[in-house]
Amino acid sequence: TSDLQCCCILTQYTCILIGSISSSFPLFVFIFRKPKTKRSKRFLENRGPKLTEDVKSAMIMKGGNTSQMVTQALKDIYSLKKPNAVLYKKKNITRPFEDSTSLEFFSKKTDCSLFLFGSHNKKRPNNFIFGRLFDFHVLDMIELGIEKYVSLSEIKTNKCPEGTKPMLVFAGEPFETDHEYKRLKNLLIDFFRGPTVPAVRLSGLEHVLHFTALDGKIFMRSYRCLLKKSGCRTPRIELEEIGPSFDFVLRRTHLASEDLYKLAHKQPKALKPKKKKNISHDAFGTRFGRVHMQKRSLSGIS
C-alpha cells in the first residue's frame, strides 16, 4: 500500500516501518544488526555508553538567514571551542524551537551533545541559541540576542593557544537566584568547560571567560592572564582582553523538566565514591577514625 515505508538508522539496530494501522499508529520492527567488520565493531563500541564519557563536542551551525555579525560570531566561538567542535559552513533551514529533528539527526551523525545555532530575522535580530542534547534528544535550549559584539580580529593582542582550557567566572545575583539564569549558567559551563584534567600547572591558567548578569543582560568577556613579577614567590596577575566580547539579552527558553534533568545527571554506581567506614568529620573538616581491636584478657596483667 501507499502507507508502506522503510527507514534505516545508523546504530546497532535496524528499524523498519512495515505498515500502519492509521497515521497515529505506525508498526515498527527492530532487528538486531551484528557488525560485520572490526572497524564497524569499534565504531559501535565507541558510540556506546561508557563509564567515563568522552569530552563533549559542539555543533556550530547557522540558519537559513544570517547576518555578517552572526557568521563572524559563530567563527569566533568555534575558535574558542576548538578542537572539540564541528563548524557547519552551509546554511541549515530549520527552527530549533519549532522542530528539532534536524539537530538530533546531526547530533547522531557527528556524536555531538552540544550545539550553537545562529540566525537573524526582523523579529529576532542577531540571534544565538545555546543548547544540549541527552540521548540524542534536545534537553535544554536558551535563546540569546546579541546587542553588542567585538570580534577576535578587532582586538589586536596575542591570543591563547588553541585548545586552552578556560577558567569560567560568573558574577551577578541572577545566576544564584533566578531559575532560568541558573540553567543558563549550567549550560555555559557545560559548553565551555573543556576536557577534565587531573592536574593544572600555573602557567597553563592563561584564559579566563567572564560572564556577568546585570540589568537583564549577560556580558561575556574573554581575557588572557599575564603573570608579572611581584617581588615574591607568587606572581602578580593582570588581565588583558583578547576577545570576543558579547552583550547578550535573554529571549526564549526551552528547559527540561526536573525529572528529565535529574535523569540526565544520573551517574552509574561504579563512578560513585564508596563510603569509608568508621571515618567521620567535624564542622571544621577534621577527620576522625575509629579503630576496632580484639578483646584483650586483663587477668594475666599484674
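The model is predicted.

Start with the whole chain. The protein chain has six helices and 14 strands. It holds 302 residues, and buried residues make up 31% of them. The chain exposes about 20700 Å². Carbon and sulfur atoms supply 54% of that area.

Now look at how the chain meets itself. Take the contacts between residues at least 6 apart in sequence. Of these, 62% join residues at least 24 apart.

Lys 34, Lys 38, Arg 39, Lys 41 and Arg 42 form a positive surface patch. Pick out one of its members, Arg 42. Find this residue in helix α1, which spans residues 38–47. Arg 42 has a relative accessibility of 53%. Exposed means over 50%, so Arg 42 counts as exposed.

Then turn to a charged residue in another setting. Asp 76 is found in helix α2, which spans residues 68–81. Is Asp 76 buried or exposed? Asp 76 is buried. Asp 76 also has no salt bridge. Which side chain of opposite charge is nearest to Asp 76? That side chain belongs to Lys 75, and it is 8.6 Å away.

What does Asp 76 touch, leaving out residues up to four places away in sequence? Its contacts are Tyr 149, Ser 151, Leu 152 and Pro 244.

Definitions and conventions:
Residues numbered from 1 in each chain as written. Predicted model: local features only at pLDDT ≥ 70, side-chain atom pairs only at ≥ 80, totals over all residues. Heavy atoms only, no water. Helix = DSSP H or I, 4+ residues; strand = E, 2+ residues; numbered from the N terminus. Buried < 20%, exposed > 50% of the residue type's maximum accessible area, 1.4 Å probe, protein only. Lys, Arg positive; Asp, Glu negative; His and termini not counted. Salt bridge = Lys/Arg side-chain N within 4 Å of Asp/Glu carboxyl O. Contact = heavy atoms within 4.5 Å. Patch = residues over 30% accessible without salt bridge, like charges linked within 9 Å, V, L, I, M, F, W, Y side chains within 5 Å. Areas by Shrake-Rupley, 256 points an atom, 1.4 Å probe, with all protein chains shown as cover. Charge placed at Lys NZ, Arg CZ, Asp CG, Glu CD.
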